[in-house]
Every structure is written in structure tokens, then in C-alpha cells.
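Q: I would like to go through this structure step by step. Could you begin with the terms that are needed?

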Amino acid sequence: MNPCDYKIRKNRLSPLKFPKVTGSDGAGVVVSAPSTSRFKAGDEVMFMAYPMWQYGSAAEYTVMPEQHVALKPASVDFVQAASLPLVANTAWQALDKAFNLHGRLDGQKVLIHGGSGGVGSMAVQLAKAKGAHVTTTCSASNEQLCRQLGADVVIDYAMAGGFEVGANEVAPEGFDAVVNAVGGDYDWRSMKCVKRGGHYCIVIRNLTADEIAAAAWGKLQQLTGRFKTHTALLIDFRAQGGFEQVAGLIDAGLIKPVVGDVMALEGAAEAQRRLETGTGSKGKLVLKIWDAR
């Protein structure tokens, strides 16, 4: 499950017709596919439930467009696979807009906010797997997790003077790229941490006026040459948008899913409450509907 799930419930992302099946990604076994499909009955897959106003994953059976489906990594179980698609696509696209992820990032300094969160934990691992020097922000209680994921430097976002103090110590001239999926005033503050000619990516979360203003200001920095690229990321939900590529890195042992609480479908309301209030264990919250093995 993802924060967009409770936002969909509250009708905050787009006009919806209710009742609506929630759930934005998942994993399971194909029961039927057309003869022209690259998938067949019995294939173990993971998927993005998109368009979100039409599809949902919190169900025993669902229908998915083929372009939003990929084979499940062989090295993980269905619970782990279900946690991947949305965060993998977001992290991949955020970094790919700054760098060509088909190459290496050796020598590049990257700042990723919220390294213990769903998108952040994936972005930290992805940047590290590609060879970057990774700095991330998180709470003091999540420092160990971020280091286990591969972060070279972990900054307590609550440190005196703000995360900018720690960021300036790591990269006095600024980072080659900064990725922010956290929100709040981080959009504005983080732009100051990008070196001249560097890259900045805001992950659009709520389409608020402040997000739009920050995105517009960032684009102006690109037009004036302050940034090489600025991206206000609206996610591409296709499998080739990231989670298909990440599957290969998982099977290669370079990335691992970060799963926290696993709940039954009957706990969906409680799961949404935890997402909305930010409570619960570290890692992605997953609804386990049935054993697909």
C-alpha cells in the first residue's frame, strides 16, 4: 500500500466513482491472458493498478493492462514483490531524469530525502547499485536502516540548523543530484543543495499550490542555467517505467524490498489509517490477501 491509497479514498487525486477498489500495486499469479499476450496462465507477476480510478489491487482477482505488468523477481516472495512497483517506478524515474540509469554513476554525489521511506529506500539502493556516493536524510531512529540499504552518509533531518548543515559538510559546492519525495518546505530548501549545473527532482505528491510554485521555480533555475535539469515528476506507471528494470537488480542481489507490516485484507481500514497518520513499522505496508504459492 502507498500514501496515494488513502488520498484516492478521500477523492483527493482525481474525480472517482464509488464504490472503488483501492490498492495501487500488487503481485499474484496470472489466471488468464489473451493468446497475443507475453504472459500466460500460471506466470508469477507484479503490477501497477493503473489508471487508479479504474483498477485496484486490494482484491482476490483483478484485471490489469499488460503494459503495467512485469514478471515477479524469482528471488523474492509475493509479499515482497507486491511492495515494489510504485516505489520502484518513482525512484527509477527520478534518478533516470537526472542520469542515464543504463550507465554508471561513479563519482556522482546524490542527496535523497527520506531514505527510510518507500521511495527513498528504493532510491538509496538504486543510486548505490549504480555506483553513486549517496547521502540521505531520515530520523535518528532510522539511521541504521539507511546504512544497511547502502547510504554512505545519513543526516538526521532534525539536526540543529536543519539538514542543510550536514549536506553542506558532505558537498560544499552542492550535490550532482537531489531527489525529494518528502514534501513540505523541503522542495524549496533542497534546491539550495544542488550544485550549479546539477539536477533536481521533485516528486509531485498532492498537486498543491506550493508544489506547483516550487516546480515552476525549479524549472526557472533550469532555464537560467542554474540547474542542468529540473523535473517535477508525474509517474509513468508502465512496467518499463522502472519496476521491470528493478526486478533484474533484485535478482542480481543489488536491491532488496523493504517490507514492514503485513496485514490481512480485513485490516485494510487500519492499514489506511496507519498510512494517513504515518504510524506503523519501517518499510512498506502490504495487504496479504491469499497465499499465491
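A: Two strands pair if DSSP finds at least two bridges between them. Strands (E, at least two residues) and helices (H or I, at least four) are DSSP runs, numbered from the N terminus. The model is predicted: local features need pLDDT of at least 70, side-chain atom pairs count only at pLDDT 80 or more, and totals for chains, interfaces and linings use all residues. Residues are numbered from 1 along each chain as its sequence is written, and side-chain values use heavy atoms, with hydrogens and water left out.

Q: Which residue of E8 is the bridge partner of valine 179?
A: The partner of valine 179 in E8 is cysteine 201. Strand E7 (residues 175–180) and strand E8 (residues 194–203) run parallel and are joined by five bridges.

Q: And how many bridges do E8 and E9 have?
A: E8 and E9 pair over six bridges, in the parallel sense. Here isoleucine 202 stands opposite alanine 232 in E9.

Q: In what order do the six strands of that open sheet come?
A: The order is E6-E5-E4-E7-E8-E9, with parallel pairing. Strand E6 (153–156) and strand E9 (227–233) are at the edges with a single partner strand each, so one side of each has no neighbour in the sheet. On average, neighbouring strands of this sheet are turned by 15 degrees against each other, direction ignored. Axes are lines fitted to C-alpha atoms, for helices over the stretch in contact, and angles run from 0 to 180 degrees between N-to-C directions.

Q: What does helix H3 touch on this sheet?
A: Helix H3 (residues 85–98) packs on it, touching strand E4 (109–112), E7, E8 and E9. Contact means heavy atoms within 4.5 Å. The direction of H3 makes about 155 degrees with that of E9.

Q: Is E9 mostly covered or mostly open, and how many of its residues are buried?
A: E9 is mostly covered, as five of its seven residues are buried. Buried means under 20% relative accessible area, exposed over 50%, and partly exposed in between (1.4 Å probe, protein chains only).

Q: Changing topic: which strands form the antiparallel sheet?
A: Three strands form that open sheet, in the order E1-E2-E3. E1 and strand E3 (69–71) are its edge strands, each pairing on one side only. Five bridges join E1 to E2, and alanine 27 stands opposite methionine 46 in E2. H3 lies across E1 and E2 as well, running at about 60 degrees to E2.

Q: Last topic: what lines the largest cavity?
A: Its lining includes Ser83, Leu84, Lys256 and Lys284. A cavity is a set of points on a 1 Å grid over the protein atoms alone where a 1.4 Å probe fits but cannot get out; lining residues have an atom within 4 Å of a point. Helix H4 (residues 118–129) gives the most to this lining, with four residues.

Q: What is its volume?
A: The largest cavity has a volume of about 50 Å³. A volume is the space filled by probe spheres set on the grid points, which are joined across faces, edges and corners.

Methods: 1 Å grid on protein atoms, 1.4 Å probe; cavity = no way out; pocket = protein on both sides within 12 Å on 5 of 7 lines; lining within 4 Å.
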